[in-house]
Amino acid sequence: MRVTLKLATSLDGRIATASGESRWITGPAAREEVHRLRAMHQAVLVGVETAIADDPELTVRLPGFVGLQPARVVLDSRQRLPSNTKLVHEASRLDTVVISTTPPNNRLTDAGVTVLQVDAQDARPDLPQALNALSGWLNRRVSARLPTTPPSDFAFDGALMIEGGGQVAASFLKAGLVDAIEWFRAPMILGDEGRPAVGEFVLNRLADAPRFKRLAVHEVGDDLWERYERL
Ligand SMILES: NC(=O)c1ccc[n+]([C@@H]2O[C@H](COP(=O)([O-])OP(=O)(O)OC[C@H]3O[C@@H](n4cnc5c(N)ncnc54)[C@H](OP(=O)(O)O)[C@@H]3O)[C@@H](O)[C@H]2O)c1
């Protein structure tokens, strides 16, 4: 499954203030591009801390959009996702998936959330397994919408966009699972105490740093949109 990391940061690479305020760092033109990017992915993923702090909808909200909404996915080891979030409220209408290390919790499944249980790696969902489980689920989602049964070897390689926060971004980058970065950078500075776009990395040698090739830079309103792919 192709994995894209989307970042919306200050010039100094922060995604929120120290108090967690993150709306809105980038401007309306950049946010519209993010909706377009969502429309091009089958799933959009956040960490449970982002789901709690920002209460996002993770939907495509573009005038006239009639395509299939991406599945909204939360990486949530212990199914902490609160019932009063928009993600859970809308789960009976919009595909919503929690990837967890524990068996499905009725509180979430009764609300319409799909819980995919995978093995734990350091007490959190093993990421390669999480991607496999999500890819399988997305295949079943597509197959269920086809008018005829697809051949048994039918599989499509879905595309996932990660929308934060910093801990989740760091985990995917460290695991070497990020194929592309869509980086929106706003002309503001949030300082060292702001929340980093990429959390703890524990990297000693430059040679071990994940490297990317810049594909394009666009001006979007007051912001810059830098596009990268993995070298
Ligand atoms: N500017 C922006 O566009 C933007 C976008 C997103 C977020 N944000 C901001 O970022 C902040 C939240 O970011 P965050 O870094 O604190 O949290 P996060 O990355 O959203 O979520 C981290 C949580 O996800 C769970 N998790 C499960 N598997 C994981 C894995 N493999 N790696 C990492 N985490 C995993 C962990 O909780 P369990 O151990 O319980 O599973 C962990 O505590 C908020 O302030 C939000 O506003 C800003």
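Let me start with helix H1, which covers residues 28–39. This is a predicted model. H1 has twelve residues, and from its first C-alpha to its last it reaches 17 Å, close to the 16 Å expected at 1.5 Å a residue.

Which residues of H1 are buried? They are Ala-30, Glu-33, Val-34, His-35, Leu-37 and Arg-38. What do these buried residues pack against? The list is made up of strands: S1 (2–10), S3 (43–47), S9 (159–162), S10 (180–186), S12 (212–220) and S13 (223–230).

Now the whole chain. The protein has six helices and 13 strands. Along the principal axes, the C-alpha trace spans about 50 × 40 × 35 Å. Buried residues account for 46% of the 231. If you take contacts between residues at least 6 apart in sequence, 68% of them join residues at least 24 apart.

Next, some backbone details. Most residues other than glycine have a negative phi, and most peptide bonds are trans. Where does this model depart from that? The bond from Arg-23 to Trp-24 is cis, with omega near -10 degrees. Trp-24 sits in the loop between strand S2 (14–16) and H1, the helix I began with. Another cis peptide bond joins Gly-164 and Gly-165, with omega about -5 degrees. Gly-165 is in the loop between S9 and helix H6 (166–174); S9 is one of the strands that the buried residues of H1 pack against.

Then phi. Gln-79 is not a glycine, yet its phi is positive, about 55 degrees. Ala-123 is another non-glycine with a positive phi, about 70 degrees. Ala-123 has 60%, so it is exposed. Ala-123 lies in the loop between strands S7 (120–121) and S8 (124–125).

Gln-79 is in the loop between S4 and H3. Thr-85 also lies in the loop between strand S4 (71–75) and helix H3 (86–89). At 4% relative accessibility, Thr-85 counts as buried. Leaving out residues up to four places away in sequence, Thr-85 touches Ala-51 and Asp-55.

How values were computed: Residues are numbered from 1 along each chain as its sequence is written. This is a predicted model: local features need pLDDT of at least 70, side-chain atom pairs count only at pLDDT 80 or more; totals for chains, interfaces and linings use all residues. Side-chain values use heavy atoms; hydrogens and water are left out. Helices (H or I, at least four residues) and strands (E, at least two) are DSSP runs, numbered from the N terminus. Buried means under 20% relative accessible area, exposed over 50%, partly exposed in between (1.4 Å probe, protein chains only). Contact means heavy atoms within 4.5 Å. The expected span of a helix is 1.5 Å times one less than its number of residues.
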